[in-house]
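Please look over the sequence and the model before reading on. The report below goes through the interface first and then turns to individual places within the chains.

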There are 2 protein chains.
Amino acid sequence: MLTRFLIFISFVFTFSSIIAEDWTIDPERRSWVLSANHPSTDFPIQNLPYGVFKRKNSQETPRIGVAIGNQILDVKRCVQEGLLKNLPKETQLALMEPTLNAFMNLDKRQWKATRHSISGLLDESNPTIQDHQRLKRALLVDMRKADMLMPAEIGDYTDFYSSINHAQHIGKMFRPNNPLMPNYRHLPVGYHGRASSIVISGSDIRRPKGQVLAAGASAPQFQTSDKLDFELEVGVFIGKGTPLGEPIPIAEAKEHLFGIVLVNDWSARDIQKWEYQPLGPFNGKNFATSISPWVITFEALKPYKIPGPPRSHDDPEILAYLQPKDDAAYNIFLEVAISSEKMREQNEKSVVITRTNFSDMYWTFAQMLTHHTCGGCNFKAGDLIASGTVSGEKIDCLGCLVERGAFTKEPLRLPDGSRRKFLEDGDEITLRAFCKKPGYPRIGFGECCGVIKR
Amino acid sequence: MLTRFLIFISFVFTFSSIIAEDWTIDPERRSWVLSANHPSTDFPIQNLPYGVFKRKNSQETPRIGVAIGNQILDVKRCVQEGLLKNLPKETQLALMEPTLNAFMNLDKRQWKATRHSISGLLDESNPTIQDHQRLKRALLVDMRKADMLMPAEIGDYTDFYSSINHAQHIGKMFRPNNPLMPNYRHLPVGYHGRASSIVISGSDIRRPKGQVLAAGASAPQFQTSDKLDFELEVGVFIGKGTPLGEPIPIAEAKEHLFGIVLVNDWSARDIQKWEYQPLGPFNGKNFATSISPWVITFEALKPYKIPGPPRSHDDPEILAYLQPKDDAAYNIFLEVAISSEKMREQNEKSVVITRTNFSDMYWTFAQMLTHHTCGGCNFKAGDLIASGTVSGEKIDCLGCLVERGAFTKEPLRLPDGSRRKFLEDGDEITLRAFCKKPGYPRIGFGECCGVIKR
């Protein structure tokens, strides 16, 4: 009886325009999908990230799913079974699509209503799926039996440079006394990246060929890059699109931010070094960029919101159009692990080489989006903005190998004593992220990984 | 009888795998669309560029058309009327789409067969349309009664910097003794641009706001740009897409080049100047880029092919992967005209301020595409590559106002005596291009225009 009452309440919540803010992130809630209640899972019922998947070895069309424990809830099938018929028709149609673009293009209230419905279906008190074997078998897919696909068709991709630690570390290599450009503390510096070569986690990364100027040489050679690096970044998918000529004020920016993923902005430093003047990175980056498959929503991240980036008295005042209106930073723990081919052959665990945090970025996603649109540039749902390499100050908090001393005599040392100036063939890089807070469950991002192939 | 024989022959040509190379560009041919035979037309029967249009004030879906004289042939309707049923089903379906992407993604033989069929239908000897009033009314649309739309959905947009004159003129402002970067003569320098803000000719251009550092100031202000410039460029639409990790060898590059348009890469110099270090142009460019609506095919341009860019004994040898395999440059005359709001009110003609030629670019489109993909970057049909500003050496051959002395005491002078450092509100910029050669008809590109609004 209590169970039925709770379900009734959840439907009332969904229908009602007054939706309790915190119901879906209530740390006490548990799911009838038991793996979602394990303290080490990335995907408790408080998370519910969206992705696009296909059952392995099936001919089915790609479909939207939600991660729960070690399972995926088939959202398309939920709509087909009538389990989401409380949602507006438009939302239901968007949830039947083979990418998240149409759903991202809805407004925030529809995202919220959908989250509430799905959260209700997965709640341990709700018998709808858990007590019906046929439904359960049709709707839940073991993650090991699914292939994850690109969550959205990415129209445009922009990469920023928002970690002041990263900018300072890189700048010091070129200008020891004056590492930051004069514009750095006034605007989020960014550049347009290549959208077509963004790939899903697990895709192999082919070491690119390109022009390289050897030390002391007067002319470049065409060769396979031997200075391949990773870059640990966080990316945000844009939700509702905007028309050309209409800037997004900072107070409204969060209405257009759908959710976040991990991004590995693979970089060929030798190609990049020779080509990048005067127009910026190009072939050194556009051979591949990996993203993690699960899009973590800002609803799920709410408990981990913190005040915007710290500013010291040295920092200039931020121009009014970029002044943050509320807490817009997130306390996200990030890590990078590496394993060589030999380590994997010998069943050795990968080694974590970087642990850092997203909270000390100099610019927030809201500031990046507002700056990006301040001249009128338009966005489409599914466009991606990446943060730039996330680095802390210390040696074990750095988001790429160049910062870790790749060009010095003291590059990264692995536990077996070997050194890694740059990535070697067979190396696998895995990015991970999670949020934690006393009294709250751990919210994980899943993984963004790739193996270097020649 | 002769007419029927000619039509029969044209069908044989189309069906046959041996297609006479030059039949559609035969300078003697004429169309029954009389305006196509006028020597001043941009669109004789030898041209036949593709575009996407919609009849004004109609509810019809956008459709593919071909320009002929002052008319548009409704290609979708041609398929519906069974006039292109000699083409493979796949081609016919592609020609029914609301953009050119699917057609661009076919292979070159299908482009050629389509051109032959359409050329045959428009030939003065062919009665199929010309002798049937209903068909003629249904298939031909007066250009003044149509709205031109974006020819393709552009996935990714890349802008190069391939005019050595432009690079030298700009470089001199920063480094008088050493204007070219060391990489310039070794590789086509390019950067990723913003695809979402590419607009069709005729769209108003909103003057962007952004951060600007005033001369002598220590901190930037947020203001409306007052240093707005045009950039005269030529763009190429990519045809058949390529998979990630598969470079396009220079000998195959032309198989992937569909056709070309005019591009105006509007630039806010004050915003650009403050933001561009170290990652390149961003908000200074991404507020709008205009393109002309008619995509001129390489089949039509064949008579105007010339040897690749000249190289002097000072120039380094080009690396093997970029060595041109055949003539790959095109003799295209380009011009820029300006009219102020006042001039238009007084019915004065616009003033041509630049006349230049595409043939003295340092890099060809084939080289740009091959370099762009040499590390494995993939392309989708409908992606756009622009050449960068096209400038000659002399004062009246420059592709933007900055080169024309905008920052000096001798900026551009208009016939009424007024000066133009940068564009003013109400200014209309029109780019035009054409090919000509003794014994051949003039092939025009139509116009790429935009008016500056505040």
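## The interface between the chains

How much area do chain A and chain B bury between them, and what percentage of it is on carbon and sulfur atoms? In this predicted model, the two chains bury about 5100 Å² between them, and 60% of that area is on carbon and sulfur atoms. Chain A brings 54 residues to the contact, and chain B brings 54 residues. On the side of chain A, the residues that lose the most area to chain B are A:H192, A:R194 and A:L279, which together make up 16% of what that side buries.

Four salt bridges are found across the interface of chain A and chain B. A:R194 forms a salt bridge with B:D156, in which the closest N and O atoms are 3.6 Å apart, and A:R194 is also among the residues of chain A that lose the most area to chain B. Between the two chains, 28 residue pairs are counted in polar contact, with both residues at pLDDT 80 or more.

Several elements give two or more residues to the side of chain A that touches chain B, namely strand 6, strand 7, strand 10 (209-212), strand 11 (221-224), helix 9 (269-275) and helix 12 (365-373) of chain A. The element that gives the most to this side is strand 7 of chain A, with four residues.

## A covered helix in chain B

Helix 12 of chain B, which runs over residues 365-373, is mostly covered, with nine of its nine residues buried. Among these buried residues are B:F365, B:M368 and B:L369, and the list also includes B:Q367, B:H371 and B:H372. What covers the buried residues of this helix includes strand 6 (157-160), strand 7 (190-193), strand 13 (232-238), strand 14 (257-264) and strand 22 (384-386) of chain B.

## Aromatic rings and charges over rings

Over all chains, the structure holds 30 aromatic pairs. One of them joins A:Y161 and A:Y184 in an edge-to-face arrangement, with 6.1 Å from centre to centre and 75 degrees between the planes. A:Y161 lies in the loop between strand 6 (157-160) and helix 8 (164-174) of chain A, while A:Y184 lies in the loop between helix 8 and strand 7 (190-193) of chain A, so the pair ties together parts that are 23 residues apart in sequence. Both A:Y161 and A:Y184 are buried.

Elsewhere in chain A, ring pairs link A:Y50, A:F103, A:W111 and A:F258 into a cluster. Rings also meet charged side chains: the charged end of A:K436 sits over the ring of A:F333, 4.8 Å from its centre, and in chain B, B:R311 lies over the face of B:Y362, at 3.7 Å from the ring centre.

Is B:T91 buried or exposed? B:T91 lies in helix 3 of chain B, which covers residues 89-94, and B:T91 counts as buried because its relative accessible area is 0%, where the cut-off for buried is under 20%. Leaving aside neighbours within four places in sequence, B:T91 is in contact with B:F103, B:L106, B:Q110 and B:T114.

B:R109, found in helix 5 (residues 108-122) of chain B, counts as exposed because its relative accessibility is 66%, and the cut-off for exposed is over 50%. The C-alpha atom of B:R109 is separated by 9.7 Å from that of B:E255, although these residues are 146 residues apart along the chain.

## Backbone features

A cis peptide bond joins A:Q277 and A:P278, with omega at about 5 degrees, and A:P278 is found in the loop between helix 9 and strand 16 (289-291) of chain A. In chain B, a cis peptide bond joins B:Q277 and B:P278, where omega is about 5 degrees, and B:P278 is found in the loop between helix 9 (269-275) and strand 16 (289-291) of chain B.

A:L48 is not a glycine, yet its phi is positive, at about 55 degrees. A:L48 lies in the loop between helix 1 (2-15) and strand 1 (50-55) of chain A, and it counts as buried at 2% relative accessibility. In chain B, B:L48 has a positive phi of about 55 degrees although it is not a glycine, and B:L48 is buried, with a relative accessible area of 3%.

Note on methods
Residues numbered from 1 in each chain as written. Chains lettered and ligands numbered in written order. Predicted model: local features only at pLDDT ≥ 70, side-chain atom pairs only at ≥ 80, totals over all residues. Heavy atoms only, no water. Buried < 20%, exposed > 50% of the residue type's maximum accessible area, 1.4 Å probe, protein only. Contact = heavy atoms within 4.5 Å. Phe/Tyr/Trp six-rings, centres within 6.5 Å; stacked < 30°, edge-to-face > 60°. Lys NZ or Arg CZ within 6 Å of the ring centre and 35° of its normal. Buried area = accessible area lost by both parts, 1.4 Å probe. Salt bridge = Lys/Arg side-chain N within 4 Å of Asp/Glu carboxyl O. Polar contact = N/O pair within 3.5 Å; in protein donor to acceptor, adjacent residues only side chain to side chain.
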